[in-house]
Amino acid sequence: MAMRYGLTFNENTLKEKITNNRGEYIMKSNLTTLCYIEQDGRYLMMHRVKKENDINKDKWVGIGGHFEPDESPEECLLREVQEETGLTLLSWQLRGVITFMCENYQTEYMFLYTADAYSGQIGECTEGNLKWIDKSKVCSLPVWEGDKIFFRLLDQGEPFFSLKLKYEYGKLIEACLNGKDILNKTDSCNE
């Protein structure tokens, strides 16, 4: 067993101390949502500077998080946006599924959404600082390298996609779009 960033790992599987309603330790879900709320050519983004032991520390990311038991992707999306921003989404679209792989963390499957209508006022976020960022400036911020790929796909209006992103020591080493390697330009990704 190894310690990294204050979390306990065993055989490359993330074991965060999360309890269910009976007080039993459970695995954190590896299903997540990620949403980019759009307004006037900008995305609402979070600068992850407040949360301890955060794989996204100091990066700019969208709004989202892990599924709770028995949630659908849409239920998770709506709950996470409400919790992190105070906003209620009125219009959203599922844009893709991202397979996120990083050493010492369990593989995460992210349902990527964009949203273009909401109600409410943006509130304080306990995980980071929320800010509207011009879409043309997003990729110049500290973001995951693979995020730049899906920002390009979103900008091009790609209707739906599957994107596999694999990192080692924070460096993108594999990127596959709809089963095709786009990082090394080979025919397929087989892992």
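Helix α1 has 13 residues and spans 18 Å from its first C-alpha to its last, close to the 18 Å expected at 1.5 Å a residue; the expected span is 1.5 Å times one less than the number of residues. The model is predicted, so local features need pLDDT of at least 70 and side-chain atom pairs count only at pLDDT 80 or more, while totals for chains, interfaces and linings use all residues. Residues are numbered from 1 along each chain as its sequence is written, and side-chain values use heavy atoms, with hydrogens and water left out.

**The chain as a whole**

- The protein chain has 2 helices and 15 strands; helices (H or I, at least four residues) and strands (E, at least two) are DSSP runs, numbered from the N terminus.
- Of its 191 residues, 43% count as buried, where buried means under 20% relative accessible area, exposed over 50%, and partly exposed in between (1.4 Å probe, protein chains only).
- The protein chain exposes about 10500 Å², and carbon and sulfur atoms supply 48% of this area; accessible areas come from the Shrake-Rupley method with a 1.4 Å probe, and for residues only the protein chains shown count as cover.
- Among contacts between residues at least 6 apart in sequence, 58% join residues at least 24 apart; contact means heavy atoms within 4.5 Å.

- The buried residues of α1 are Pro73, Cys76, Leu77, Arg79, Glu80, Val81, Glu84 and Thr85.
- An α-helix has 3.6 residues a turn, so residues three or four places apart point the same way.
- The cover over the buried residues of α1 includes β6 (31-39), β7 (42-47), β9, β10 (88-102), β11 (108-119) and β12 (129-134).
- Glu71 is placed in the loop between β9 (63-66) and α1 (73-85), and it counts as buried because its relative accessibility is 18%.
- The side chain of Glu71 makes a polar contact with the side chain of Arg79 at 2.7 Å. A polar contact is a pair of N or O atoms within 3.5 Å; within protein, one must be able to donate a hydrogen and the other to accept it, and residues adjacent in sequence count only if both atoms are side-chain atoms.

**Nonpolar cores**

- The largest nonpolar core has 27 residues, and Met45 and Phe150 have the most contacts inside it. A nonpolar core is a set of buried Ala, Val, Leu, Ile, Met, Phe, Trp, Tyr and Cys residues joined through side-chain atoms within 4.5 Å.
- At least two residues of this core come from each of β6, β7, β10, β11, α2 (145-155), β13 (161-168) and β14 (171-177), and α2 supplies the largest share, 5 residues.
- Apart from this core lies another, of 17 residues, among them Leu44, Ile63, Val81 and Cys125.

**Thr114 in strand β11**

- Thr114 lies in strand β11 and is buried, with a relative accessible area of 4%.
- The side chain of Thr114 makes a polar contact with that of Arg95 at 3.2 Å.
- Leaving aside neighbours within four places in sequence, Thr114 is in contact with residues including Cys35, Tyr36, Trp92 and Leu154.

**Two loop residues with positive phi**

- Asp40, in the loop between β6 and β7, has a positive phi of about 50° although it is not a glycine; Asp40 counts as exposed at 68% relative accessibility.
- Asn104, in the loop between β10 and β11, has a positive phi near 70° and is likewise a residue other than glycine; Asn104 is partly exposed, with a relative accessible area of 22%.
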